[in-house]
Every structure is written in structure tokens, then in C-alpha cells.
Amino acid sequence: MAAAMQDRISTPLAFSEVDLDRPGLAVLRAVDWTVGPGERWVVLGPNGSGKTTIFELASGYLHPTRGTVDILGGRLGRVDVRRLRERIGLVSTALVKKLLANITAVEVVVSGRRGALEPWWQEYGPEEWARARELLSEAGFGYLADRPFGHLSDGERQQVLLARALISRPELLLLDEPAAGLDVGGRERLVGYLGRLAGDPDHPTTVMITHHVEEIPPGFTNALLLRAGRVVASGPIEEVLTGPRLSETFGMALFPEVSGGRWTCRAVPG
């Protein structure tokens, strides 16, 4: 019993026989998935495969209908999710809609230190403001620290949200389609920065949801493939992102390739 408890505490994320139902719809079925310390995961699957639901469960915003979800040693249904979320960094386009357009980029970042949506209801010390600016500078976006968030491009906003997620020094970082809507330049800047973070041993365990293998940063270690709410494959990335498994996942013949740590995927001719 003690050994099992220690394993659960040391494992950032674990799904066991997870089902999730919505009225008239089975969204997830029998999902088993374990994310180990320091791993960098990508979650892939077609629209409607359950990726967003996986994200909401992993961030503690949904509870499973059946099965168990353990996050950073706490089991959903038995843990105070408000305290749990303080240990999780989130990057999601849904957050953009909740942030005020007139606050500056650095205010967006520093408010993440307390999980707030604006900086006025908390006091932040000089070290926290300096750290917010440092995170923007590390990503190459220090120049926009004092610009209104609402005036930024989609790519700039994603970099600000990533800095916001990192300022609390989370133990688990969850990214929900961070490159969605970005042009090629914006995508490459974001993927390049995520790749540098992935290579840092002090960077938190990371899970990224995406539709496209081209958005997988170099240095990501594992992959989870979903189709119709079920796991197609899960494990080391080069063992999972194979032609047969991607073809099964997306329902068409696909041919993936990897070069220099970056992935591409195309349909098999004919």
C-alpha cells in the first residue's frame, strides 16, 4: 500500500480505466495513460477524438464518469482542485477570451503568479515583476512587455500566455493547441522556444495537445494517439508515430518522417 501511494505521488499524471460520458455520447472509453516525471508528451488525434476532454481532466476542470485520474499525487474527487491548479501551468486559447485587452503583456504574465486574470487585486514584489519581464525576454519578446495584450498578434499572445504559465514554476505544464491560428513564422518561433524548454532538465513535465505533427517541438519524448475516445497507442514518440498507427488514428494512409527532431506527415500517394 505504501509503495503504491509513493508511485502515485511521484507520477505527475495517471489515468486508469477512465470513461467520460456526456448526454447521449461516450466521449472517452477505458483510457489508461501514465505521464512520468520530466517527460514531454504530445497528444494527437482527429477532431472529436477526446483531446480537449483529456486536457480538461488533466487540469482538474472535469472529473471522470468512471475510473481514476491522479494529478501530482492528488486523486480527482478526493483533492482540493483549487490548490492542485496552483501547481499546474496552463496555456489555452480559451484563456485569451477571459483576459482584459487593455492590461499589458507583463501584467498578464505577473498575474499568473497568483492565478488571477488581472493584476489589481494582488500585490506583486519587485522580484515577481522582474521575473515576468525575464520570461518574456527569454522567449525573445521582451520588447512587448508594456504593450496592451489586446494589441498583440496571435503569436505574441501565445508567447505571453506561455510566460504566464511558467511564472508560478509549475510542476506540470499543459498546452492546448498553442500554435493554433499562427502563421508559419509565429509557429516556428513558438515551436523553437518550446524545444529549448524541452531540453532543460529543470523544465516541468509537459503535455501538449495538437492536430499537427509539424507542431511537435524537438525534444518531446512521448506520444498519445486517440481516436473516437479510445487510446490507439501510447509510449515513446518514435515507437508511436509510425505510419500504421497514424493511419489507424486518422483513418487514412499516412507516411510520417522525422528529421532533426522535427516531424512531417503526408498522405500515401494513391
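The second largest pocket holds about 230 Å³ of space. A pocket here is an open set of points on a 1 Å grid over the protein atoms alone, where a 1.4 Å probe fits, with protein on both sides within 12 Å along at least five of seven lines. Grid points are joined across faces, edges and corners, and the volume is the space filled by probe spheres set on the points.

The model is predicted: local features need pLDDT of at least 70, side-chain atom pairs count only at pLDDT 80 or more, and totals for chains, interfaces and linings use all residues. Residues are numbered from 1 along each chain as its sequence is written, and side-chain values use heavy atoms, leaving out hydrogens and water.

Lining residues have an atom within 4 Å of a point. For the second largest pocket they include Arg131, Leu135, Tyr193 and Asp200. The most, 3 residues, come from α6. Helices (H or I, at least four residues) and strands (E, at least two) are DSSP runs, numbered from the N terminus. By class, this lining has 6 nonpolar, 1 polar and 5 charged residues. Asp, Glu, Lys and Arg count as charged; Ala, Val, Leu, Ile, Met, Phe, Trp, Tyr, Cys and Pro as nonpolar; the others, Gly among them, as polar.

Now the largest pocket. Its space is about 720 Å³. The lining has 24 residues, and Tyr61, Leu90, Leu95, Gly115 and Arg164 lie nearest the centre. Elements giving two or more residues are α2 (51-58), α3 (81-85), β6 (88-92), α4 (93-96) and α7 (154-166). Strand β6 gives the largest share, 4 residues. The lining divides into 8 nonpolar, 7 polar and 9 charged residues.
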